[in-house]
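This report describes a structure with its chains considered together and then in turn. The contact between chains is treated before the individual folds.

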Amino acid sequence: MLSVDHLTKVYKSGSHDLTVLNDVSFTVLSGEACSLVGPSGSGKTTLLGLCAGLDRLSSGEVTLENVELSKLNEDQLSDLRNQGVGFVFQSFQLIPTLTAQENVMVPLELRGEHSVGKQAAELLDRVGLGDRLDHYPTQLSGGEQQRVAIARAFINQPRVLFADEPTGNLDEDTSHTVSDLLFDLNRQSGTTLIMATHNLELANQTDRIISLRGGKLIENRALESREIKIASND
Amino acid sequence: MTSAWLFAPAPPAPYSLMLRSLLDPFVYRLAWRDTRSYRRRLILFFSCIALGVAALVSIRSVGQNLEQAIHVQAKSLLGADLSFRSRSPFDEATDSLIASIKGEVPHEVRFGSMVYFPRVDGTRLIEVRAMSGAYPFYGEFTTLPPGARTLLSTSKDVLVDDALMLQFDVQIGDSLRLGKSTFAIGGIVRAVAGESAAVMDVSPRVYIPSSVLEQTGLTGKGSLVSYRAHVKLADETEITRLTETLDEFRETHNLSYDTVRRRVRRVGRVIDQLYRYLNLAGFAALLLGCVGVASAVHVYIRQKLTTVAVLRCLGARPNQALAVYIIQTAVMGFLGSTAGALIGIAVQQTLPLVLADLLPVRIGVSTDWTSVAQGVAVGSTLSILFALLPLVRIRNVSPLLSLRSSYEPTGNRLDPAQVMVGGTIAVLIFGLSIVQMGGVRLGLGVALGIAGAFSLLALSAFGLTFVVRKYFPRGVAFEWKQGVSNLYRPNNQTQILVLALGLGTFLIGTLYVVQHVLLTQVSVAGGEGRPNIVLFDLQVDQVESVRRAIEEEGLTVIHDAPVVTMKLASINGETVEEIMTRKDRRSFVYTREYRSTYRDHLFDLETLVDGKWVGTADGKGPTPISFAADLAERMEVTVGDVVTFNVQGVPIDCEIASLRDVDFQRIQPNFWVVFPAGILEDAPQFAVFTTRVTSTEQSAALQRKIVKSHPNVSVIDIGLVLRTVDNVLDKVSFVIRFMALFSVLTGLVVLTAAVISSRYQRIRESVLLRTMGASHKQVRRILVFEYLFLGSLAALSGLVLSIAGGWLLSILVFDAGFSVPVLPIAAVFLLITLLTVTVGMLNSRGISNRPPLEVLRAEY
């Protein structure tokens, strides 16, 4: 599903080069839940963004479903994200001017699909927000906003879901609710999950943990108890 | 294996993608939804252009109305089909020519004279018009009582201009004295077609019947009289044939003529200048509004970056995201322009009132829908293009921004799309300017001029803000320092605000400076120690008695100059007629009537620039005369050249012995040609005196005395000229100020938009300060100081430029001394600063009292 091969990302800062990711390689299989862990500044979010085609890599290769991302132009990357990728962000990133239902409808409407309100309403119902369809983000609590974000991430039935610290802005109780919801939906729809997180408890619920430090991959550990076949990596 | 969802066909051309996005219904839905909670703000941003569009629409509509009025009232501009005029009574040939024309031909005589109102014991220099017949044939001649015009044919009563009646508070039935005769005022002239109120202010008229002209005794030899004949053709198609004959005839008979077509062309040219200025002011206001739109959209888009990044994460293509905001700005630009057009229609009702005193035609008010459509189209197009400047960068917003709010794309490459939009704007502005100004050269000049003014203002603003930032004292209270540093907050709009408010200030300031320069020029001309009363038309036998009359009033005759009228006959043996056959030499200087003097000394302000001054001559050989250097240059003659003057029938051969530099702006009898003493003493002549009075009472007393004892002598009071110039300048400057107001108001709308667009930032700053212990009062004071600095910087930028512009104008155009009108400039400075603080604080209401926790916890 996802193959990262000798990935390096360098940012130019004035006359200096800042290497954020250095020669990172790993593979995630289809249906697998994988967490990226590491301290702040270790490169988790950058790696997540590169895997989702949100940024251009400096060298190496990222292959998603046998397609090399560096060979796609911006519009093709947009199509890729729209048709097969879902996102959940730490700060929810709901569009403030849209209602909960409208936020969830956006990915399908971008595809040109019509009459998608019912689908969005059903999905919001599944995340427990069936009575909050017409509420704007500012009228929802943090946990509710993240549930809307999860519904939006699943509306286009993505093959891969990228999540960046999905419970990072939530209190402990709400975190549990949201993470349970995320994993439940993930399992039900057979989606591959790539999640950047600080939260080891959350990471331990995934099939694989990739640890980063200072931009380097220091550990790629499959959790055997999950009985998932882990592909060998370099 | 490649998954189906990842299959991407070859990308279509970018414009086709953009078009596809612009046709996508979802993009429209999203554009609409995305404006929620921003709609009022967006409307405000785009109202920046409304005033500019309003100015354009109203001016264009008035322009159309004016054109129509001139077309409809063309004949009333002249009052006849054809008018003849001459400085001397028509000769026999002219009389025969006029007699041969089929139609009515009333005669008219015009000249300047003193009028005396016995009841109020007041006197002033006016224009006398001795009329007979039905002239003007076309257009209004509005009198009180209505129909009083017939008095000029049926009685000896006279009609007096409204302004003159008001000035002296005289009534119908009162008497007035002109020359040797006293007449009853039979009516008031309210309006005369083809003449503006401003002109009537400068030279008020008294209309008398032709039959009483002789008895006034005012048209004696030496008087400056214009003889006219007005023709109403029985067959109007005759005009073409007549003008062909007249062109040749006039050359040899000292005659000039005017036709409706000529008058329309001349009036059209003057009105064109006014129209162009108004258009320019409107155009500048529109461009200012567009810059305001670009600035506001820039801030708006920065607030929308996360939304764009999220959309990109959800699969929106760059062009789709861009299309969302293009649609928003297009709709808002259209709404702003439409609102502007509606305001323009309202303003159009008032513009004719503002312009009424300056126009020789009466303009109707009818909405010109083509102008309205053009205004909306121009406003919408320009606002979209200016909005596109910041908008196109949306295409480059990385979806990564949704993960990292601090993410900044590396590199700051110039976006080719922005260059393209910038180029299109430049081409459009040049194109519009050419259309607005009605010519390529002028259009390009105006566009470059506006660009230059904007750049200079921006430079001035940059310089002033730089100086304030660098040299602002560190030891002052925190509120002052914070107020200044607020001007440099990230995404600040200081430069654009200084530009917007500065432009209006510049226009108003320049006006005050120029008005001051002109008035100073007139008042200096009659300043301390200089003459301020001019008496002319003194006959030879009156010179001594007038001198005595002046001295009896305790005054001294400062200048005493005899005046002899003459015409040029030849230069170096070549006759004027021969010279005039050469096209390159056709000039008024060869054919005009010269009023020369003779004396044995130079005046104190005359300087010899070439040759030798000869004070006396005995008539042997060519007479050594002195030419004004300006005249010699225009006539292409110099010292040593021989010229012959025809002095009322007597040819006098002269040699140019010297050239003088003459300051024609000085109040003294200045002459192009000065003869030595000993030659012209016996020629028919009249005299000019100057004297100096120290009060208006003294002036009035002298005028009364002269008009009673020497009614043919005219007296010019420089004080009155000064007041008249001031009055006319006031009328002109009111129009200019009216248009400058559009710029100032646009500046204030841009300020409102800027304050509102940075409102959240200001709230956060205020909350942070209050969290650290600042009081409401302190926060408010910081805001007041910020707007105070902003307003004063803008006003200063504009005023610095206007003073520089006024200085240049005084040197290059008016050739006058320069000084700054301190009080009006200080008043403009205070007004603009006060307006800025008021508008800024009105829009900042509530910023200082938002609960800190509400803001700190808010997720935006």
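The model is predicted. In the contact between the two chains, 35 residues come from chain A and 30 residues from chain B. On the side of chain A that touches chain B, the elements giving two or more residues are strand 1 (2-13), helix 1 (44-51), helix 2 (74-84) and helix 3 (100-110) of chain A. Helix 2 of chain A supplies the largest share of that side, 10 residues. Sorted by class, the side of chain A that touches chain B comprises 13 nonpolar, 12 polar and 10 charged residues.

**Chain A**

Chain A contains seven helices and 10 strands. Of its 234 residues, 52% are buried. Among the contacts in chain A with a separation of 6 or more, 69% are between residues 24 or more positions apart.

Six strands of chain A form an open sheet with mixed pairing, in the order 6-7-8-3-9-10. Strand 6 (85-88) and strand 10 (216-222) of chain A each have a single partner strand and stand at the edges, so one side of each is left without a neighbour in the sheet. From one strand to the next, the twist averages 15°.

Within this sheet, strand 3 (residues 33-37) and strand 9 (residues 208-213) of chain A run parallel and are joined by four bridges. Here Val37(A) stands opposite Ser211(A), a residue of strand 9 of chain A. Helix 5 (residues 142-154) of chain A packs on the sheet, where it touches strand 6 and strand 7 (160-164) of chain A. The direction of helix 5 makes about 170° with that of strand 6 of chain A.

**Chain B**

In chain B, strand 8 (residues 181-192) is paired with strand 5, with strand 6 and with strand 7. The table sets out these pairings.

| Strand of chain B paired with strand 8 of chain B | Sense | Bridges |
|---|---|---|
| Strand 5 (residues 141-144) | antiparallel | four bridges |
| Strand 6 (residues 158-161) | parallel | four bridges |
| Strand 7 (residues 175-178) | antiparallel | four bridges |

Individual bridge partners can be given for each pairing. For Arg177(B), the bridge partner in strand 8 of chain B is Thr182(B). Strand 7 and strand 8 of chain B form a hairpin with two residues between the strands, and Gly179(B) in this hairpin takes a positive phi near 60°.

Another glycine, Gly122(B), belongs to strand 4 (residues 122-131) of chain B. With 19 other C-beta atoms within 10 Å, Gly122(B) is partly exposed, because a residue counts as buried if 20 or more such atoms lie within that distance. Beyond its neighbours within four places in sequence, Gly122(B) is in contact with Phe117(B) and Phe168(B). Gly122(B) and Val170(B) are separated by 48 residues in sequence, yet their C-alpha atoms are 9.8 Å apart in space.

Helix 12 (residues 318-355) of chain B has 38 residues. From its first C-alpha to its last, helix 12 of chain B reaches 51 Å, which is close to the 56 Å expected at 1.5 Å a residue. At Gln349(B), helix 12 of chain B has a kink of about 35°, shortly before the proline Pro352(B).

Technical notes. Residues are numbered from 1 along each chain as its sequence is written. Chains are lettered from A and ligands numbered from 1 in the order in which they are written. This is a predicted model: local features need pLDDT of at least 70, side-chain atom pairs count only at pLDDT 80 or more; totals for chains, interfaces and linings use all residues. Two strands pair if DSSP finds at least two bridges between them. Axes are lines fitted to C-alpha atoms, for helices over the stretch in contact, and angles run from 0 to 180 degrees between N-to-C directions. Two residues are in contact if their C-beta atoms, placed from the backbone, lie within 7 Å. Ala, Val, Leu, Ile, Met, Phe, Trp, Tyr, Cys and Pro count as nonpolar, Asp, Glu, Lys and Arg as charged, and the others, Gly among them, as polar. The expected span of a helix is 1.5 Å times one less than its number of residues. The bend at a residue is the angle between axes fitted to the seven residues ending there and the seven starting there. A residue is buried if 20 or more other C-beta atoms lie within 10 Å of its own, exposed if 12 or fewer, and partly exposed in between; C-beta atoms are placed from the backbone.
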